[in-house]
Structures are given as structure tokens and as C-alpha cells.
Amino acid sequence: MKVRIEIDTKTFVRFWLVVIGFAFAILALYSARMPLFIIGTALFLALALNGPVSWMARRLPDRSRTLSTAIAFMAVIGVLAAVVFLVVPPIVQQTAKFIDSAPTLVREMSNQWRGLGNLIEKYHIQPQIDQAVAAIQADAGRFARDLGGNFISGIGSAFGWMMAATLTLVLTFLMLIEGPTWLNRLWSVYKDDKKITSHKRLLGKMHAVVEGYVGGQLTVSGIDGLFAGLTVFILSQFFPEVPSNLALPTVAMLFTLSLIPLFGAPIGAMVITLLLLINSVPAAVIFAIYFLIYSQIEGNFIAPTIQSRRIELSPLAILAAVTIGIYVFGITGAIISIPVAGCIKVLVEDYLERSRDHQKQQQKPLVKLAKKLSGED
């Protein structure tokens, strides 16, 4: 049996106009992904800092939100400056120490190379080694030719990121100052009291998710830095060659890098392990073992206990969100991916709740009619 479907010209044209419009909307969003990302990051930072700014504004004599925002920004900049001051000098010092000890290492490697040369002559593998050396030299020449272009592109990329970071901070500052005013203007547009109450409740939940995530992540990062610094200090007592002043930089580095979910703490631990390796191999090995054990405890107990009641996302959802954030927007995407996923969860739950309420409202007349008919029978 053949079925013939007739579509009038008006419906056909409308369908393709919708498809074309949808495609253009996706293209426009993709073209504007960087500005939208900057605005979204600024909004996240504004939501994270809104609590301290509002707290300070209520306690200032003139309740100046501009002054409280400026104080909050100065505090953040001061913390970042303290981190740089604590982290950079020890790294420079340990690097200089490594350079000073390099001649000794070269002499040791030379002695080992003589023994390796005897093995090469014994097993007649000099042609294979010459071929490998030639390949390395060719790759090095190619790298040297491309170095200029890579350097220039790297400078351009760094400049672009600096401009994006500056714009993000400026937008965050303005959002913190003008945010309450814009919210009041938005609520004044509403005419339905029920809808405005529902939307205020929804916005409050999303704000609580962001604030909860920031507070929880700061707590987890603080625990990471504190225990890592304490471990390095204890190692310095058992291994005199390990400087005890490396403990504070360890706290600052692990605290800062642990703010990047999943990947930040391992990067910081690798840096600390390398710094310890310059001074003492056993101390570096012990610290690496400590971090492997601690990361399991943190991932399975500390972080879930602190964050479970704040965001209520499963480990699979968190890992998926962080992976998408890193591959799409880099490190900043990794930082904001979890609260964004939490806000999406809030929106989905609100939509499902409203859908259930709507279905119940539609079923009520049918239930009344069924009861009435059964009563008449």
C-alpha cells in the first residue's frame, strides 16, 4: 500500500527557513564563542565574589558596593602576589643549585658513557646509533627553523590571553557593582507574581551552587596545600639536604594549582617532586608515594564529603564536565565546568518539576470527571 503525503508550499518554505535560521544561530554562537566565554567567566567570578562583596558592603559606613568590590579585588591580587612571592624564589634557587651541580652530573655521565662505548664496540651497533643521531639532528634543525615562527605565535597568543584576562576582570568588577541594579530592573519587568517567585528561587539555587562550589574547592585546596607542606617539612627534618623553607612554597603551590579540578594537584605534586629530586632522591620518592596515597583519600573521601552537599553531582558527571571544559576552553574551562554543570542540573530539575506539576494540573479535571461518572453509576 502506497501512502502519499502532501505538503503545501507555505509549510515547506517555513520548515526550511527554520532549519536555515537554526544553522545560522549555531554559526553565530560558534563565531562568538570567545566573547561569550569571557562574559561567562566574568559572571562566574562575580557570583563567586558576590557573597564577600555584599558582606563588606553591609558593614561599610556608606554601604558603598564600589568600595567593597575594590577591597575584594585588592585582596585577591594580594593573595596572588603572595603566592608568586612564595613560589618563584625557591624554584629559582633550586634551579640555580641544579646548574651549579651540573658539572658533577656531567662527569658522572661521562664515566658511564665510557662503559657504554665499550658495549657499543662489543656488539657492533655503532651504525644504528649514528642513524638515530642523524635523525635527532634533522629534527633539531627543523625545530630551530620553526622556532622563530613558534616564538612569535606564542607571544601573540600570550598577549591575546592577557587581553582576555584583563577584559574578564573589568567585566567582573562592573558586574559586581551594577549586578543588584540590573537584577532589580529585571524583576520589575515581571507582571506575574508566581513567575517572579519561581525565577527568584531558581536563581537563588544557581547562586548557591556557585558559592558552594567555590567554598568547597577552597577548603579542599587548603587541605591539599597544608598536608603537602607538612610532608615536605617533615622530610626536611629527616633529610638535611632538603631545605625546610620549601614547605611554605609547597603550601602556596598546591593550594593554587588544586583549584583546577582533577589535574591541578598532580601538576603541583610533579613540580614539588622535581624540586625535591634536585636535593634528595629518597625524599622525592617518599613525597611521590605520599601524594599517590593522599590523592586516593582525597578523591574517595575528602572531596566527595565536602562537595556532595554543595553541588550534588555524580563523579561521572564531574569528570565529563571537566573533560569538556578542558578540551573546549582550557584551564579556565576546567575551573568553571563543575559549577556550570551544577547550574545546568538545577535548570533540568526545575524543568522536570514544572512538567510534573503541569501534568498533574491537566489530570485533575479528568480525575474529577471520572469520580463524578463513577458516582452517577
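Axes here are lines fitted to C-alpha atoms, for helices over the stretch in contact, and angles run from 0 to 180 degrees between N-to-C directions. The model is predicted, so local features need pLDDT of at least 70, side-chain atom pairs count only at pLDDT 80 or more, and totals for chains, interfaces and linings use all residues. Residues are numbered from 1 along each chain as its sequence is written, and side-chain values use heavy atoms, with hydrogens and water left out.

**Exercise 1.** Work out how α2 and α6 pack against each other.

*Solution.* Start with the axes: those of α2 (residues 33–59) and α6 (residues 193–238) come within 9 Å and cross at roughly 80°. That makes the two helices roughly perpendicular (65 to 115 degrees). Next, list the contacts (heavy atoms within 4.5 Å): F44, L47, A48, N50 and G51 of α2 meet H207, V210, E211, Y213 and V214 of α6. Finally, sort them by class: 6 nonpolar, 3 polar and 1 charged. Here Ala, Val, Leu, Ile, Met, Phe, Trp, Tyr, Cys and Pro are nonpolar, Asp, Glu, Lys and Arg charged, and the others, Gly among them, polar.

**Exercise 2.** Find which residues of α8 are buried and which are exposed on the other side.

*Solution.* Buried means under 20% relative accessible area, exposed over 50%, partly exposed in between (1.4 Å probe, protein chains only). In α8, the buried set is G264, A265, G268, A269, I272, T273, L275, L276 and N279. Looking down the axis of α8, these fall within an arc of 165°, so they line one face of the helix. Now turn to the other side of α8: M270 and L274 are exposed there.

Note on methods:
Helices (H or I, at least four residues) and strands (E, at least two) are DSSP runs, numbered from the N terminus. The arc is that of the directions from the helix axis to the C-beta atoms. Angles under 35 degrees count as roughly parallel, over 145 as roughly antiparallel, 65 to 115 as roughly perpendicular and the rest as oblique.
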